[in-house]
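Keep the 3D view open while you read.

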Amino acid sequence: MRRISPGMMVVLGLLALFVAAALAAPLLSPFDPLRQSLLLRLKPPGSLLGGRTFILGTDDLGRDLLSRVLFGARVSLLVSVVAVALSFVVGTALGMVAGWYRGAVAVVIMRLVDTMLSIPAILLAVLTVAVLGPGFLNLVVVLGLTRWPRYARVAYGQTLQVAVLPYIRAAEMAGAGSTRILWRHILPNIAGPLMVVATSEFGLMILFEAGLSFLGLGIQPPAPSWGSIMAAGRQYVERAWWLTVFPGACLFGVVLCVNVTGDWLRDRLDPRAASR
Amino acid sequence: MIGHIASRLGQALLASFGVLTIVFFIMRLSGDPTLLLVPEGASLEQINQLRHQLGFDRPLPIQFAAYLGDLARLDFGESLVQRAPVLGIVAERIPYTVALASGALLVAIGIGIPAGIVMAVARGTWLERALAGFVLAGQSLPTFWSGILLILLFGVTLGWLPTSGADGIASLIMPSLALGAVGMSTFARMTRIAVLDELSRDYVTAARARGLSRGQAVVGHVLRNAAVPVVTIAALEIGNLLAGAVIVETVFAWPGIGQLAIQSIQSRDFLVVQTVVLFVSLVYVATNLLADLLYALIDPRIRMGA
């Protein structure tokens, strides 16, 4: 194992901070993220009012922005983790089945993969959420079920390669069934490339959740999401810059850290990629 | 070559059919598509009447055949909200999105390709690392955030550019920058890899042995060969830019098809939304096909191999 560089430690540390902030949002938030106050509308960061400090300022309904950003981290993490897990499971299962059984099964599954990939993901999500209606559950299901084809493609290619190796033949001759071989012998050997896909998808999912919420199709008000906070802030951009700058900076920072981690993971798992 | 074109054309047709099918089923995910199309507050009687009128009470396969038939005749239906043919409503907005996507492509290519070349040539130096950070940042930047930051800087603070709307070429600058930033990263990454691949080839060593400087070898020989994969990326990026326009147009109130789609969701004008999704997806399939064909045209190895 190579040592982890100091720069990478910082990136991983920031990601850990994001997860910790999301998990501990109720403990860390100075105020209730939903509590409105018309007297406290659009106060700039650092405002001291009635003995209380609003570190990041307040929004158009007088809610504390810091508390909303912290709770927004929660939404972001929850949606992206569940959606990534869902698409990982669906895509990997379908891809492995296609790679193992080949023939007509593979043709049908991989054709579906090609077709899904020919509709731009954000539009597919926009249309589906619009039809089903917004909300947490629909958002997660839609993101999960529109983003599985990339895993399927990788799992398919990897399974094709691994399935012809001698140890798989040995397992077959020892009497192992298809399910057991796929689960116990193939999956562990193709997990690396799938993890690389999952990391880059994780960053995309965070962006998608924020983007859909920004468009009003994701998490619904008054619940805080980085995207919906910024959508409200867009209307007050001339008077209250903090409403868009802070949540956006968090979003950008988290996605940047995830992408750096993804590249790093890929280089570790595939030394050939690192050399170029 | 003809065999290659025919096979790619067949694949594109199959993908188009797949897109139409997926959109058809998504529109029926909620159970009853009639409910998506009726104005709010419609009576049960009106709903039933509309369902019959639109043919949603027929068996699914017949609905599907009718849907394909209508689309083949370029009949995208009538907007019940605006009481006008959907095709006209969408067509009116297309030039705006094309202008935005062109501007963004210009930004992406204009910055991305030179950045990629420099990263490959200056490999291992601080310059490469700086540019790599720049590229990674562009890739992680949510367009709605970079868009708002541009508005804050050039619109609000400096007052140089209009903050929203479509008021001449000045209004196009910020949306193009915001949308182009993501594509810029793709171009830079792909150009870097393509140039690095070519730099390691024998003809580069031969050119250097003949006394050409590294710069001369790159300009005279490498770039031309590295162009093959980069041209493909350009074609693929067009589809991504059209899709990304949905968010950027909303940020800047730019009256293209992306803003139209979001407005139509809010006004429950679903045939318009469906048409925008179909349009962008079919353009995406078409640009993919174009990329394949260009690739074969530029690179004889693919043509011969196929």
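Predicted model: local features only at pLDDT ≥ 70, side-chain atom pairs only at ≥ 80, totals over all residues.

If you're wondering about the background, nonpolar side chains tend to be buried together in soluble globular proteins.

Pick L123(A) and look around. Leaving out residues up to four places away in sequence, what does L123(A) touch? Its partners are A243(B), V246(B), V277(B), V280(B) and S281(B).

## The two chains

Here's how the two chains are built.

If you follow chain A from its N terminus, the elements come in the order α-α-β-β-α-α-α-α-α-α-α-α-α-α. Now think about contacts with a separation of 6 or more. In chain A, 68% of them are between residues 24 or more positions apart, and for chain B that share is 73%.

So much for each chain alone; what about the place where they touch? The contact takes 33 residues from chain A and 40 residues from chain B. On the chain A side, α4 (103–117), α5, α9, α10 (226–235) and α11 (242–269) each supply at least two residues. Sorted by class, that side of chain A has 21 nonpolar, eight polar and four charged residues.

Two packed helices are described by the angle between their axes and the distance between the axes. With that in mind, let's look at α5(A) with two partners.

Take α9(A) first. The helices α5(A) and α9(A) pack at an angle of about 50°, and their axes are 11 Å apart. They are therefore oblique to each other, and their crossing is right-handed. From α5(A), the contact uses I122(A), A125(A) and V129(A), while F208(A), G211(A) and L212(A) come from α9(A). By class, this contact has five nonpolar residues, one polar and no charged.

Next up is α6(A). Here the angle with α5(A) is about 145° and the axes lie 10 Å apart. This crossing is right-handed too. On the α5(A) side you'll find A121(A), L124(A), A125(A), T128(A), V129(A) and L132(A), and they meet N138(A), L139(A), V142(A), L143(A) and T146(A) of α6(A). The contact counts eight nonpolar, three polar and no charged residues.

While you're at α6(A), which covers residues 136–146, check its buried residues: L139(A), V140(A), V142(A), L143(A), G144(A) and T146(A). What do they pack against? The buried residues of α6(A) pack against α3 (65–101), α5 (121–132) and α9 (178–214) of chain A.

## A loop to zoom in on

Now find G218(A), which sits in the loop between α9 and α10 of chain A. Is G218(A) buried or exposed? It has 28 other C-beta atoms within 10 Å, and 20 or more is what it takes, so G218(A) is buried. Among the residues G218(A) touches are P134(A), L139(A), E209(A) and L212(A). G218(A) and F136(A) are 82 residues apart in sequence, yet their C-alpha atoms are 6.9 Å apart in space.

P222(A) lies in that loop between α9 and α10 of chain A as well. A cis peptide bond joins P221(A) and P222(A), with omega about 5°.

Most residues other than glycine have a negative phi, and most peptide bonds are trans. R102(A) is partly exposed, with 14 other C-beta atoms within 10 Å.

In chain B, L74(B) has a positive phi near 60°. L74(B) lies in the loop between α4 (60–72) and β1 (78–79) of chain B. With 8 other C-beta atoms within 10 Å, L74(B) is exposed.

Technical notes: Residues numbered from 1 in each chain as written. Chains lettered and ligands numbered in written order. Buried ≥ 20, exposed ≤ 12 C-beta atoms within 10 Å, placed from the backbone. Helix = DSSP H or I, 4+ residues; strand = E, 2+ residues; numbered from the N terminus. Contact = placed C-beta atoms within 7 Å. Nonpolar A, V, L, I, M, F, W, Y, C, P; charged D, E, K, R; others polar. Axes fitted to C-alpha atoms, helices over the stretch in contact; angles between N-to-C directions. Parallel < 35°, antiparallel > 145°, perpendicular 65-115°, else oblique. Left-handed = near helix turned anticlockwise from the far one by under 90°.
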